[in-house]
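I opened a notebook page for this structure. Below is what I looked up, entry by entry.

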Amino acid sequence: MSLGGSSLGGRNLRSAIEFGRTHVVRPKGKHQATIVWLHGLGDNGSSWSQLLETLPLPNIKWICPTAPSQPVSLFGGFPSTAWFDVTDLSETAPDDVEGLDAAAAHVASLLSTEPADIKLGIGGFSMGAATALYSATCFALGKYSNGNAYPSNLSAVVGLSGWLPCSKNLKSKMDEVAEAANKAVSLPVLLCHGRGDDVVPFKFGEKSAHAMSSLGFQKATFKSYNGLGHYTIPQETDDVCSWLTSNLGLEGN
């Protein structure tokens, strides 16, 4: 997984790509928050919905979509479920901005029908985390990279084993938008990364956390885990549960 991805040839075909099945985990208690959770490259919404259903967060509704199957440059053009295209494991790889916009817009559309009194969040793993963090920057800027307005009012963003896309140009973009600083300051963001990650290197997660802080996301928290590879463990999910309960003001059972 790279810090960015290249543009696919024939990107005008993007509109023909269909997203896969969406899995929903209903709240077991009073519904206070809805979070769209995004899987990693080659995965699907079902696997994460099964895990999220076991978490002690009865006030959260989880929406777990499945990314479209599309050619992935990292796999030599072989199709896989992916939120956007990725090329290699370098920090200099270009970002697939059109793909990121399409994924972030799909997530926003999933949140658009939630009741007005429900707090909204986005989380994800690996490529899903990158999409979640990209959505956080769209929220702060009030728009996608293509200039269209970003509609969701986010209250929390979580990224596990991921990275922040389009980080190189974000500072100048943030400076151009008057309300961006206020929105960034208001949004709690949690980034978690394993020091033993051999897919998305730990330094990518660490640099992404530093970038978020420097962009004005003062409520950004970074947690690292010794020996953790490119997967999740109970200690990490426990930290996510505690962080969400605190930052979303959840009542519990």
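I looked up the contacts of His-106, leaving aside its neighbours within four places in sequence, and found Phe-19, Pro-65 and Trp-83. Contact here means heavy atoms within 4.5 Å. The model is predicted: local features need pLDDT of at least 70, side-chain atom pairs count only at pLDDT 80 or more, and totals for chains, interfaces and linings use all residues. Residues are numbered from 1 along each chain as its sequence is written, and side-chain values use heavy atoms, with hydrogens and water left out.

Is His-106 buried or exposed? I noted a relative accessible area of 16%, so His-106 is buried (under 20%; exposed is over 50%, partly exposed in between, with a 1.4 Å probe and protein chains only).

Next I placed His-106: it sits in helix α2. Helices are DSSP runs of H or I with at least four residues, strands are runs of E with at least two, and both are numbered from the N terminus. Helix α2 (residues 97–111) lies across β2 (33–38), β3, β6 (119–125) and β7 (154–160), at about 150 degrees to β2. Angles run from 0 to 180 degrees between N-to-C directions, with axes fitted to C-alpha atoms, for helices over the stretch in contact. I then checked helix α3 (residues 127–141), which packs on the sheet and touches β2, β6, β7 and β8 (189–194). Its direction makes about 145 degrees with that of β6.

Then I traced the sheet. It is open, has 7 strands and mixed pairing, and runs β1-β3-β2-β6-β7-β8-β9. Strands pair if DSSP finds at least two bridges between them. I marked β1 (23–25) and β9 (220–225) as the edge strands.
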